[in-house]
Amino acid sequence: TDPRYREVLSGIRRDHVARVTREIEKLQATGVAADDVNPAIAASALCAMVEGFGRHWYGRGEQDSASYDDATAVATLSTLWARGLGLTIDRSASTDAGEQS
């Protein structure tokens, strides 16, 4: 509720979304990501998905009663993120369950 914190958090989010937007644009330019997705909207939505999940998972204690662990949550969020951009995930390239392909 404090405007100072709201401003700081908004700045962090704005910078993060801008960074993700640029990365999506690079992926689209190289033909790796789908080009029918608006990079700025996708970045904003995907970041909000992860932020919201984290808020509930860690901030509101949902992980305490969940039937899955952090690694499963991260893998699922990563899959949703990649699929949302039209990326393919080569899970066989990973030698460690925690690595991203």
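The legends below describe close-up views of a predicted model.

Residues are numbered from 1 along each chain as its sequence is written. In this predicted model, local features need pLDDT of at least 70, side-chain atom pairs count only at pLDDT 80 or more, and totals for chains, interfaces and linings use all residues, while side-chain values use heavy atoms, with hydrogens and water left out.

**View 1. Asp-2 and Arg-4 form a salt bridge.** The structure holds three salt bridges (a side-chain nitrogen of Lys or Arg within 4 Å of a carboxyl oxygen of Asp or Glu). In this one, the closest N and O atoms are 2.7 Å apart. Asp-2 is partly exposed at 22% relative accessible area. Arg-4 is exposed at 57%. Buried means under 20% relative accessible area, exposed over 50%, and partly exposed in between (1.4 Å probe, protein chains only).

**View 2. Arg-13 and Glu-51 join two helices.** Their side chains meet in a salt bridge, 2.9 Å from N to O. Arg-13 lies in helix α1 (residues 3-29) and Glu-51 in helix α2 (residues 39-59), so the pair ties together parts that are 38 residues apart in sequence. Helices are DSSP runs (H or I, at least four residues), numbered from the N terminus. Both partners are partly exposed: Arg-13 has 25% relative accessibility, and Glu-51 has 28%.

**View 3. Lys-26 pairs with Glu-23 within helix α1.** The closest N and O atoms of this salt bridge are 3.3 Å apart. The two residues are three apart in α1, about one turn of the helix. An α-helix has 3.6 residues a turn, so residues three or four places apart point the same way. Glu-23 is partly exposed, at 40% relative accessibility.

**View 4. Val-8, Leu-9 and Ile-12 make a nonpolar surface patch.** The patch covers about 300 Å² (Shrake-Rupley method, 1.4 Å probe; for residues, only the protein chains shown count as cover). Patch residues have over 30% relative accessible area and no salt bridge; nonpolar side chains (Val, Leu, Ile, Met, Phe, Trp, Tyr) are joined within 5 Å. Leu-9 lies in helix α1. Leu-9 is exposed, with 57% relative accessible area.

**View 5. Helix α3 spans residues 70-84.** Its 15 residues reach 21 Å from first C-alpha to last, close to the 21 Å expected at 1.5 Å a residue (1.5 Å times one less than the number of residues). Ala-73, Leu-77, Thr-79 and Ala-82 of α3 are buried. What covers the buried residues of α3 includes α2. Just after α3, Gly-86 takes a positive phi of about 75 degrees.

Methods: Contact means heavy atoms within 4.5 Å. Patches are made of residues with over 30% relative accessible area and no salt bridge: like charges are joined within 9 Å, nonpolar side chains (Val, Leu, Ile, Met, Phe, Trp, Tyr) within 5 Å.
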